[in-house]
Amino acid sequence: MATTPKPKLTPAKTLLRDYGLPLDANAFFNGLELCGMMERTPYESTTGSGEIKHFLRLIGDGLQLGDNRPSGWHEFKTEPKFFEDRFASAYLSACTALYEHAKLVCIPTTDELTP
């Protein structure tokens, strides 16, 4: 019985660069966070300082676009990686969420237009 090969997973930074897209990884991740496909997960610094840090992970519909892979540096921390054949969908979702957020912030309400 033949097994289906696993789709290739690639970091967002690499895909954004390879496709010549204008967003950097942070802006892309912010867009995915805005549309509920990614979340910031808090953890206490492993240095013993008590500082609360965060790492990003795919959640919900975001798991259709990629996977959370072990970081290699921490036993619990993961890094989001994306399926190359679904990256365009992830990028479109992020850009749409950023655009919708910008409209909410930048377009004046009717109350603001009234003298």
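The exercises below work through a sheet, a helix pair, a pocket and a loop residue of one predicted model.

The model is predicted, with local features needing pLDDT of at least 70, side-chain atom pairs counting only at pLDDT 80 or more, and totals for chains, interfaces and linings using all residues. Residues are numbered from 1 along each chain as its sequence is written, and side-chain values use heavy atoms, with hydrogens and water left out.

**Exercise 1. State the strand order of the open sheet and say which strands are at its edges.**

Step 1. Strands (E, at least two residues) and helices (H or I, at least four) are DSSP runs, numbered from the N terminus. Two strands pair if DSSP finds at least two bridges between them.

Step 2. S1 and S5 run antiparallel and are joined by three bridges. In one of these strands, S5, Phe83 is the bridge partner of Leu9.

Step 3. S4 and S5 (residues 78-83) also run antiparallel, with five bridges. In S5, Lys81 is the bridge partner of Asp67, and Glu79 stands opposite Arg69.

Step 4. The order of this open, three-stranded sheet is therefore S1-S5-S4, with antiparallel pairing. Strand S1 (9-11) and strand S4 (66-70) are the edge strands, as each pairs on one side only.

**Exercise 2. Describe how H2 packs against H3 (residues 87-106).**

Step 1. Two packed helices are described by the angle between their axes and the distance between the axes. Axes are lines fitted to C-alpha atoms, for helices over the stretch in contact, and angles run from 0 to 180 degrees between N-to-C directions.

Step 2. The two axes come within 7 Å and cross at roughly 75°. H2 is therefore roughly perpendicular to H3, the class for angles of 65 to 115 degrees.

Step 3. Contact means heavy atoms within 4.5 Å. Among the residues making it are Phe28 and Leu32 of H2 and Tyr91 and Leu98 of H3.

Step 4. The contact residues divide into 10 nonpolar, three polar and no charged. Here Ala, Val, Leu, Ile, Met, Phe, Trp, Tyr, Cys and Pro count as nonpolar, Asp, Glu, Lys and Arg as charged, and the others, Gly among them, as polar.

**Exercise 3. Describe the lining of the largest pocket.**

Step 1. On a 1 Å grid over the protein atoms alone, a pocket is an open set of points where a 1.4 Å probe fits, with protein on both sides within 12 Å along at least five of seven lines; lining residues have an atom within 4 Å of a point.

Step 2. The lining has 14 residues, and the closest to the pocket centre are Pro11, Ala12, Phe29, Glu79 and Pro80.

Step 3. S5 gives the most to the lining, with four residues. The lining divides into seven nonpolar, three polar and four charged residues.

**Exercise 4. Locate Ile59 and list its contacts.**

Step 1. Ile59 lies in the loop between S3 and S4.

Step 2. Leaving aside neighbours within four places in sequence, Ile59 is in contact with Gly36, Met37, Met38 and Glu39.

Notes:
Parallel < 35°, antiparallel > 145°, perpendicular 65-115°, else oblique.
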